[in-house]
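Work through the exercises below with the structure open beside you. Try each task before reading its solution.

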Amino acid sequence: MTSVKAYAAQSAESPLAPLSIDRRDPGPHDVVIDIAYCGVCHSDVHAVRNEWGRTRYPIVPGHEITGYVVAVGNEVKRWKPGDTVGVGCMVNSCRECSACHEHQEQYCERGMTATYNSIDKRGDRTVTKGGYSTRIVVNEDFVLRIPQGMPLDRTAPLLCAGITTYSPLHRHGVTTGAKVGIVGLGGLGHVAVKIAKALGAHVTMISHSERKKADAEHLGADDFLLTRDPEVFKSHAKRFDFILDTISANHDYNAYLNLLRLDGTMVVVGLPEPAPVSADTLIQGRRSLAGSLIGGIKETQEMLDFCAKHGVLADIELIPASKINEAYDRMVKSDVRYRFVIDIQSLG
Ligand code: NAP
Ligand code: ZN
Ligand code: ZN
C-alpha cells in the first residue's frame, strides 16, 4: 500500500479538501500511473453534492485522467514505465457478460467499476477513488494510450467529455451534411461541437447563455440559437436530424424534441433529475429519444485516435487543486470555458 495525496469531500455540504488516501500495491495485471492532469466533469459536482443520492464519503472524484506509467505488474505486457496514458470513467468490469464481450463495458450486466465512488468488486472491495490525486493503480485493460503529440492537459477531458459525445454522434451515424444541434455549451458541449464538425456535420450550438455566441463560432459551430428567446423553439421547429443534449440542470425535453425533423433523434447525455417526456412529441414526427453512457474502452481508444487525427482537443482552464471548490461553483453557474483541468503537481 502507498499513501498518496488527494482532494476529497467528506459530505454533500463540505468543500473538497486535502486528504491522504491509500493506493494498492500493483497486482500482476495492474498499471501504476502518476497523474499529471485531471479534468473536472459536471458528474463530479453531481456526485460530490450527492445529487444522485448514491455517494459514499469521503469521495475523491475525477475520471478524466492523464499521466505516466511508473510501474507495471509482472504479467503486464502492453504497458511500460514512461508510457503516456489515460484513464476514463471505468476501471473494471466482469469481462464475462454479453456487454463486456461486445466491448461495451460501461453497460456490464454485473455493473462496471467506476473510477470513483464504486465498490471495487473484482479488486480489493474498497470504494474506488478517482483522479483528484497524485497516483492511481488500474487494471491494464482499462488504461488508454494517449497518441503521440497530444498535450496531456488538453487531452484529459477527452477521457469523459470526448467519449461521451463521440459515442452517440458516431453510433447514430452523424456524417457529412447532417444537421446537428448540440445543446449546452459546457465541457461536453464544446467537445461535441468539435467532434461533430470533424465528422462533417452542419452544427448549431443551442445555448441559454448569450455571452457564449462568439465562442461557439470560434469552436467551429455554424450557427447559434439562444434559448432564452422562446421564439427560437417555434422558428426552428423540425430543423435538425440529430440533437445531443448535454444540459446538466432540469429542463423541458419536449421543447428540444420539437426541433427535430421527421425521423430525427435526440440523444440525452446530461444527467439532471428526471423530467417528463410527452408521447405526443415523439409521435408527431416519428421522433426518437435515446440515452447514452460514456463509451467502451475500445471505442474510447478509437475516439482518442480520431481526435489526434482531426486535431480535436479540449479548451481548458488549468487550475491548482486549491481552486476546485470555486470551479464547482462556476460550473453550476454555466461559467466554464470550457473545461477546468487540475494541474496535479499542485497537490505537491
Ligand atoms: P458543464 O460543463 O457544467 O456544462 C453544462 C451546460 O449545460 C452548461 O454550460 C450550460 O450550457 C447548460 N446548462 C446548465 N444549466 C442550464 C439550465 N438551467 N438551462 C439550460 N441549460 C443549462 O457540464 P458537463 O461536464 O458538460 O456535463 C453535462 C451533463 O452531462 C452533466 O449532467 C453530467 O453529469 C452529464 N454527463 C453524462 C455522461 C454520460 O455518460 N451520459 C458523461 C459525462 C457527463 P449553456 O450555457 O450553453 O446553456
Ligand atoms: Zn464525466
Ligand atoms: Zn460484464
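Ala, Val, Leu, Ile, Met, Phe, Trp, Tyr, Cys and Pro count as nonpolar, Asp, Glu, Lys and Arg as charged, and the others, Gly among them, as polar. Keep in mind that this is a predicted model.

**Exercise 1. The enclosed space**

Find the residues that line the largest cavity, and sort them into nonpolar, polar and charged.

Solution. 
- Step 1: Search the whole structure. There is 1 cavity of 30 Å³ or more.
- Step 2: Take the volume. The largest cavity comes to about 70 Å³.
- Step 3: List the lining. Gly-88, Cys-89, Met-90, Phe-142, Leu-144 and Leu-159 belong to it, together with Ile-163, Ile-294, Gly-295, Ile-297 and Thr-300.
- Step 4: Sort the list. The lining has 8 nonpolar residues, 3 polar ones and no charged ones.

**Exercise 2. The second largest pocket**

Determine which residues lie closest to the centre of the second largest pocket, and how its lining divides by type.

Solution. 
- Step 1: Start with the volume, which is about 470 Å³ for the second largest pocket.
- Step 2: Go to the centre. Of the 20 lining residues, Arg-24, Asp-120, Asp-124, Thr-126 and Val-137 are the closest to it.
- Step 3: Strand 2 (17-23), strand 6 and strand 8 (135-139) each give at least two residues.
- Step 4: Sort by type. The lining of this pocket holds 6 nonpolar, 6 polar and 8 charged residues.

**Exercise 3. Zinc ion, ligand 3**

Name the protein donors of the zinc ion (ligand 3) and state the geometry of the site.

Solution. 
- Step 1: Pick out the donors. They are the SG atoms of Cys-94, Cys-97, Cys-100 and Cys-108, at 2.3 to 2.4 Å from the ion.
- Step 2: Check the angles. Four donors count as tetrahedral if all angles lie between 85 and 135 degrees. The 4 donor atoms here give angles of 103 to 119 degrees, and the site is tetrahedral.
- Step 3: Read the spacing. The donor residues follow C-x2-C-x2-C-x7-C in sequence.
- Step 4: Cys-97 sits in the loop between strand 6 (90-92) and helix 2 (98-101), and Cys-108 in the loop between helix 2 and strand 7 (113-114); they are 11 residues apart.

**Exercise 4. Zinc ion, ligand 2**

Which residues coordinate the zinc ion (ligand 2), and why does the pair Cys-41 and His-63 tie together parts of the chain?

Solution. 
- Step 1: List the donors. Cys-41 (SG), His-63 (NE2) and Cys-160 (SG) coordinate this ion at 2.0 to 2.3 Å.
- Step 2: Read the spacing, which is C-x21-H-x96-C.
- Step 3: Locate the pair. Cys-41 lies in the loop between strand 3 (30-39) and helix 1 (42-48), and His-63 in the loop between helix 1 and strand 4 (65-72), so the pair ties together parts 22 residues apart in sequence.
- Step 4: Apply the cut-off for buried, which is under 20% relative accessible area. Cys-41 has 4% and counts as buried. His-63 has 8% and is buried too.

**Exercise 5. Aromatic pairs**

How many aromatic pairs does a search of the whole structure find? Classify the pair Tyr-166 and Phe-306 and the pair Phe-233 and Tyr-256.

Solution. 
- Step 1: The search finds 2 pairs.
- Step 2: For Tyr-166 and Phe-306, the ring centres are 5.4 Å apart and the planes are at 55 degrees, so this pair is tilted. Tyr-166 is in helix 4 (residues 161-171) and Phe-306 in helix 10 (residues 297-310), 140 residues apart.
- Step 3: Tyr-166 is buried at 3% relative accessibility, and Phe-306 is buried at 14%.
- Step 4: For Phe-233 and Tyr-256, the centres are 5.2 Å apart and the planes are at 90 degrees, so this pair is edge-to-face.

Conventions: Residues numbered from 1 in each chain as written. Chains lettered and ligands numbered in written order. Predicted model: local features only at pLDDT ≥ 70, side-chain atom pairs only at ≥ 80, totals over all residues. Heavy atoms only, no water. 1 Å grid on protein atoms, 1.4 Å probe; cavity = no way out; pocket = protein on both sides within 12 Å on 5 of 7 lines; lining within 4 Å. Points joined across faces, edges and corners; volume = space filled by probe spheres on them. Donors = N, O, S within 2.8 Å, 3.2 Å for Na, K, Ca; no water. Tetrahedral: all angles 85-135°; square planar, octahedral: opposite > 155°, others 65-115°. Helix = DSSP H or I, 4+ residues; strand = E, 2+ residues; numbered from the N terminus. Buried < 20%, exposed > 50% of the residue type's maximum accessible area, 1.4 Å probe, protein only. Phe/Tyr/Trp six-rings, centres within 6.5 Å; stacked < 30°, edge-to-face > 60°.
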